[in-house]
Amino acid sequence: GSLARGVERACSMRLLTVLLVGCGTGSAPASTDVQAIVGGRAGGPSFVVAIEAQRSGTVHCSGAVVAPRTVLTAAHCLDRFAASDLDVVEGASLALGTRVPVEAAFRHPKLDLALLRVAGTLSAPAIPFYRPLVASDVGMVISVSGYGVSSTGSGDRRQVDGVLIAAGSVLQLSSDAGQACSGDSGGPGWIADGGQALLVGAVSRGDTACQLGT
């Protein structure tokens, strides 16, 4: 429908899968490409975590702490690796972060969303969920964060702010300030409400050159 046509036209937009009660309203095709923040700025809140595969020393995906032992990420981050192959890494960088093994993973049946249950308690406070976003929310500023590729490489947490330009089962953000790229898949999208961060989505997909938006 109109949403699908809008997605096809989103050459300069970032796409986020909607969470919670919005999940049943449609589907967002998962990509096998991994995504990371190009541009933006260094930093980001502590609830943003990296996901490392097989202690490789490189970023596989990103995610958000949503409960003391639970991380939300993208389902396609599980396409090539079992849960037991993954570690969640807390900290500003992958190199200096604290690793907690993943013991189980649960994929959404339709959307590009998954929950990872870790073997120990995470130190970062969980980010609470916001409501599903609707058309009247267009124009809202949404932040996205992850550990993926930037002009200086990958492995450091970065953040970029975008403007919501379409809402539905997929959220579309402007990419004027930067965009996601390899390693940012599963990284959170959130709003700031009275100084509190509230989760609205997770990075799902984008172009492999990290130039046309995700």
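## Exercises on strand pairing and a disulfide

In strand β9, A114 is the bridge partner of R107. The model is a predicted one, in which local features need pLDDT of at least 70 and side-chain atom pairs count only at pLDDT 80 or more, whereas totals for chains, interfaces and linings use all residues. Residues are numbered from 1 along each chain as its sequence is written, and side-chain values use heavy atoms, with hydrogens and water left out.

**Exercise 1.** Identify the disulfide, its handedness and the burial of its cysteines.

*Solution.* A disulfide is a pair of cysteine sulfur atoms within 2.5 Å; the sulfur atoms of C61 and C77 are 2.1 Å apart and form one. The torsion about their S-S bond is about -100°, so the disulfide is left-handed. The pair links distant parts of the chain, 16 residues apart, with C61 in strand β5 (residues 59-67) and C77 in the loop between β6 (70-73) and β7 (86-90). For burial, the classes are buried under 20% relative accessible area, exposed over 50% and partly exposed in between (1.4 Å probe, protein chains only). C61 counts as buried because its relative accessibility is 0%, and C77 counts as buried because its relative accessibility is 2%.

Key: Helix = DSSP H or I, 4+ residues; strand = E, 2+ residues; numbered from the N terminus. Pairing = 2+ DSSP bridges.
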